[in-house]
Amino acid sequence: MLLLSPGLTHTKGSQACTEYANLRLEVKMKVLEIRTPSKETFVDITGRVMEEVSSSGIQKGICSVYVPHTTAGVTINENADPSVKEDILMTFRKIVPDSLPYSHSEGNSPAHVKASLIGSSVNILIDKGQLSLGTWQGIFFCEFDGPRSRRAFIKIFSF
Amino acid sequence: MLLLSPGLTHTKGSQACTEYANLRLEVKMKVLEIRTPSKETFVDITGRVMEEVSSSGIQKGICSVYVPHTTAGVTINENADPSVKEDILMTFRKIVPDSLPYSHSEGNSPAHVKASLIGSSVNILIDKGQLSLGTWQGIFFCEFDGPRSRRAFIKIFSF
Amino acid sequence: MLLLSPGLTHTKGSQACTEYANLRLEVKMKVLEIRTPSKETFVDITGRVMEEVSSSGIQKGICSVYVPHTTAGVTINENADPSVKEDILMTFRKIVPDSLPYSHSEGNSPAHVKASLIGSSVNILIDKGQLSLGTWQGIFFCEFDGPRSRRAFIKIFSF
């Protein structure tokens, strides 16, 4: 039999900020429905993710956002100036030109390449009930082959 | 026996699907041996990862795939049409040309760059004993400097 | 109170190495202060991350490194030959040229694009008190818009 109590946790390393696990072991899942309005667009989902974290009541943990699509992804970048996301999309079009000799018959290979460049998930720490995002950071759902009805899975782990 | 007191767990947010932690706290580790057949190739390891998840008996959790190499990586993309992975490899060769004035004496700098572009790990949620992959998603080990004997670490966390 | 009994944990899959959760459920957080010396540079933080893992006393778990900036990131790549990181930076300058018609008024759009290409976090498994890094792998803080005072969040989860 294993018994877990804060008394069992021993800490070394005076510099480290030790956070004893509280006793809740929770996993919350939410499916976000996202309607993308155009072929290529970054949809700012920061507010919706924050809302899930807030409504979960979880104080410490990790929030994972996962995109189950192969021509879309998710990234963290500046959400103060909207031109940043436009600059990223423009640069991605230069990096992955539509004119390359792609084989895939559906004609959306550039979107597949962009999805692998940007990645399919991000993880953000939760501290004091808040996402530990930097001052300028926002979470963007990245559409590369829209417009479509898309989904993102938000999973919140409490520690 | 694991006893989690629901009384400690307070849930807000009626929209969120709350999943109380089940009683097992398990971590399973598997080292996947992968023989890559050519210089650049994507090896579909979806089936092997699924097999590990299935044989673990874990119903809810997270599956992490980690590549301990610096000229290889792992990505999630379409596994229905094999031409998609060929298109990604072809585009990566355009993005990171062999002809740039690299300094690294081993001559495999393009492979190192591609590894950092694609990333060294992916995380996929497990629900009802299954990987929560999208319909068209597969997991690919990405070789950029083969042929070689490679490894991937699969770690499955149960909640 | 949380009670865990190994007797309840049933294991299938003889090939898999099953690791029963040890008794500590800990989360340790450390903020790393990083002074980047130039506009673009990779700062090797492997030693500092290893030190945190070591001083935490945690034997099994996961270490997450998160960068809260939008013109910087983190990646895992070779740290044996320093020319590899220079080659990656040089290639990124070719992939994301300064000369594109960016809109963002601050003039650092290339740095934002590079941040999304490289990613904002990495996760490394901890086994036997050590990071499960491959032989040649190191962890690099990636500065694309320095010199600046930067931060990285290290969070260590024990299982």
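Predicted model: local features only at pLDDT ≥ 70, side-chain atom pairs only at ≥ 80, totals over all residues.
Residues are numbered from 1 along each chain as its sequence is written, chains are lettered from A and ligands numbered from 1 in the order in which they are written, and side-chain values use heavy atoms, with hydrogens and water left out.

**Entry on aromatic pairs**

I looked up the ring pairs and found 12 of them over all chains; rings of Phe, Tyr and Trp (its six-membered ring) pair if their centres lie within 6.5 Å, and planes under 30 degrees apart count as stacked, over 60 as edge-to-face and the rest as tilted. B:Phe42 and B:Phe144 have ring centres 6.4 Å apart and planes at 75 degrees, so I wrote this pair down as edge-to-face. B:Phe42 lies in strand 3 of chain B and B:Phe144 in the loop between strand 8 and strand 9 (149-158) of chain B, so the pair ties together parts that are 102 residues apart in sequence. Both B:Phe42 and B:Phe144 are buried.

I then followed B:Phe42 into its strand, where it stands opposite B:Cys142 in strand 8 of chain B; helices (H or I, at least four residues) and strands (E, at least two) are DSSP runs, numbered from the N terminus. In chain B, 3 strands form an open sheet in the order 3-8-5, with antiparallel pairing, and two strands pair if DSSP finds at least two bridges between them. Strand 3 (41-44) and strand 5 (72-78) of chain B stand at the edges with a single partner strand each, so one side of each is left without a neighbour in the sheet.

**Entry on C:Asp87**

Last, I looked up C:Asp87, which is in helix 2 (residues 83-95) of chain C. C:Asp87 is buried yet has no salt bridge, and the nearest side chain of opposite charge, C:Arg93, is 8.3 Å away; a salt bridge is a side-chain nitrogen of Lys or Arg within 4 Å of a carboxyl oxygen of Asp or Glu.

Key
Buried < 20%, exposed > 50% of the residue type's maximum accessible area, 1.4 Å probe, protein only. Lys, Arg positive; Asp, Glu negative; His and termini not counted.
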